[in-house]
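Please look through the model shown below before reading on.

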Amino acid sequence: METETQRRKRVVGRIRRDLLERLSDDLTLLAEAGKFPETWLGPRELNRILDDTGYWLNHDDPMAPFLAPHACVSLLENALSQLASNGSSAWWRDGERFRANAGNWAEQARETANRLRRECPDAERTALYGGPDEPSVIFGSDRCTTDPVARRQINVLRQHLRAAGVPELAFASSDDDQTWVMLVWSNDASLLHSALFAAWQQAVCA
């Protein structure tokens with residue numbers, strides 16, 4: 001039989017899980033709407049932003065307004081960590097800091113594919129490091145919609161990136177389907193190169 005202490009612990013755990021799930025959804029929506037500055041911030045700084053907007057005070061969960069500040073920060077850190085580790089394009093992680101992103105990554109990927117098609121028509125495939133505050137680019141000169149080897153390469157590449165914890169932000173082909181581009185968040189250029197060429201070799205061998 002469940003004791004009163006066990007029941008309370010179970011109920012509190014359920015409330016916390018529900019609140020964490022709602023917070024994750026809200027963080028995604030707020031980031032995509034541009035409600036956070038696109039700079040690197042820690043959980044405490046982000047919580048101050050939420051506090052200033054009355055997020056906790058006006059939350060529809062009856063427990064939210066009564067949470068202690070450290071509890072809010074803890075929930076926020078857990079939610080952001082989960083979003084970043086699940087490959088969310090709305091949140092990036094750099095150690096203990098997080099950054100909200102409201103960019104139209106699909107459109108940026110398409111524009112980048114067309115630009116690389118014009119500027120690098122002879123390049124077969126490579127990875128381009130975007131810098132500490134911009135997405136990196138992986139691209140290949142393949143017809144990914146009709147070439148089965150290219151499709152296998154891209155699928156294997158995604159597997160390598162997921163295994164390495166690298167979020168994919170967007171994927172697109174150039175208008176003539178001669179070049180594909182994948183935007184990712186990573187500051188490890190050598191990892192991206194290794195993942196790309198390992199995926200290509202596996203696709204060709206298959």
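A residue is called buried when its relative accessible area is under 20%, exposed when it is over 50%, and partly exposed in between, using a 1.4 Å probe and protein chains only. By that rule, buried residues make up 41% of the 206 residues in the chain. The model is a predicted one, in which local features need pLDDT of at least 70, side-chain atom pairs count only at pLDDT 80 or more, and totals for chains, interfaces and linings use all residues. Residues are numbered from 1 along each chain as its sequence is written, and side-chain values use heavy atoms, with hydrogens and water left out.

The chain holds six helices and six strands (DSSP runs numbered from the N terminus: H or I over at least four residues for helices, E over at least two for strands). Their order along the sequence is α-α-α-β-β-α-β-β-α-β-β-α. The radius of gyration of the chain is 21 Å, well over the 17 Å that the globule rule gives for 206 residues, so the chain is more spread out than a compact globule. This radius is taken over C-alpha atoms, and the globule rule is 2.2 Å times the number of residues to the power 0.38. Along the principal axes, the C-alpha atoms fill a box of roughly 65 × 40 × 25 Å.

The accessible surface of the chain is about 11,400 Å², and 51% of it belongs to carbon and sulfur atoms; such areas come from the Shrake-Rupley method with a 1.4 Å probe, and for residues only the protein chains shown count as cover. A contact means heavy atoms within 4.5 Å. Among contacts between residues at least 6 apart in sequence, 66% join residues at least 24 apart.

Some single residues come next. Asp26 lies in helix α1 (residues 4–32) and counts as buried because its relative accessibility is 13%. Leaving out residues up to four places away in sequence, Asp26 touches Tyr55 and His59.

Beyond its neighbours within four places in sequence, Leu50 is in contact with Leu30, Phe36, Tyr55, Trp56 and Leu76. Leu50 is buried, at 2% relative accessibility. Its C-alpha atom is separated by 9.8 Å from that of Leu27, 23 residues apart along the chain.

Phe36 is likewise among the contacts of Ala100, which, not counting residues up to four places away in sequence, touches Ala31, Phe36, Glu38, Ala90 and Trp91. Ala100 sits in strand β2 (residues 97–100) and is buried, at 2% relative accessibility. The C-alpha atoms of Ala100 and Arg152, 52 residues apart along the chain, are separated by 32 Å.

Asp177 is in the loop between β5 (168–173) and β6 (180–184). Its relative accessible area is 11%, so Asp177 is buried. Most residues other than glycine have a negative phi. The phi of Asp177 is near 60 degrees, a positive value.

Of its 15 lining residues, the closest to its centre are Arg93, Gly165, Pro167, Trp185 and Ser186. On a 1 Å grid over the protein atoms alone, a pocket is an open set of points where a 1.4 Å probe fits, with protein on both sides within 12 Å along at least five of seven lines, and lining residues have an atom within 4 Å of a point.
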